[in-house]
Amino acid sequence: MALAVWTLVMMGIGALGLGPTLYSAQWEDVGPIAAMVFSLQMILVLFAISLVVPALSAGSINGDRTAGTLATPQASLLSPTEIVLGKPLAGFLTGLAFLVLALPSLVPIAAAWRHRDPVHAAGRSG
């Protein structure tokens, strides 16, 4: 549920940032706005990843111990090192899920930005 809300928030930022510009401005004006919206979305994604990974991995082992579920992985064939390293890995993969779910809103903005970037536009025309 939280990842669905995250996707909607990211798409809403893109729509609110670029929608009025696309409606009221010329195509040449889209590049700077797209760059700003892209930067804002990337900052939000990196901020979310930097909050999610430590929060999930830090409370994971203590939460398992409190809930009484730590004994199950300890009784398995996993070594203590694998258990401890698996907790931050799970948090990192969740952070990557935030990035993947932000891609539907980031790719069109990056394409609009690249389309009007003078460096890339000059390279295509010559």
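Is Gly 31 buried or exposed in this predicted model? With a relative accessible area of 8%, Gly 31 counts as buried, because buried means under 20%, exposed means over 50%, and partly exposed covers what lies in between (1.4 Å probe, protein chains only). Some ground rules come first. The model is a predicted one, in which local features need pLDDT of at least 70 and side-chain atom pairs count only at pLDDT 80 or more, while totals for chains, interfaces and linings use all residues. Residues are numbered from 1 along each chain as its sequence is written, and side-chain values use heavy atoms, with hydrogens and water left out.

Now for the overall layout. The protein chain has 5 helices and 0 strands, giving the pattern α-α-α-α-α along the sequence. Helices (H or I, at least four residues) and strands (E, at least two) are DSSP runs, numbered from the N terminus. Of the 126 residues, 26% count as buried. The accessible surface of the chain comes to about 8,000 Å², and carbon and sulfur atoms hold 74% of that surface; such areas come from the Shrake-Rupley method with a 1.4 Å probe, and for residues only the protein chains shown count as cover. Among contacts with a separation of 6 or more, 76% join residues 24 or more positions apart, where contact means heavy atoms within 4.5 Å.

Helix α2 takes in residues 30-67, and Gly 31 sits in that helix. The C-alpha atoms of Gly 31 and Ala 111 are 9.5 Å apart, though 80 residues separate the two along the chain.

Leaving out residues up to four places away in sequence, Ile 61 touches Leu 70, Val 84 and Lys 87. Ile 61 and Ile 83 are 22 residues apart along the chain, with 8.9 Å between their C-alpha atoms. Lys 87, for its part, belongs to helix α4 and counts as buried at 16% relative accessibility. Beyond its neighbours within four places in sequence, Lys 87 is in contact with Ser 57, Ser 60, Ile 61 and Asp 64.

Helix α4 covers residues 80-116, Ala 97 among them. Ala 97 is partly exposed, at 22% relative accessible area, and its C-alpha lies 9.2 Å from that of Ile 49, 48 residues away in sequence. Phe 92, another residue of α4, counts as partly exposed at 42%. Together with Leu 89, Leu 93 and Leu 96, Phe 92 forms a nonpolar patch on the surface, with about 360 Å² of accessible area in total. Patch residues have over 30% relative accessible area and no salt bridge; like charges are joined within 9 Å, and nonpolar side chains (Val, Leu, Ile, Met, Phe, Trp, Tyr) within 5 Å. A salt bridge is a side-chain nitrogen of Lys or Arg within 4 Å of a carboxyl oxygen of Asp or Glu.

Key. Expected span 1.5 Å × (residues − 1).
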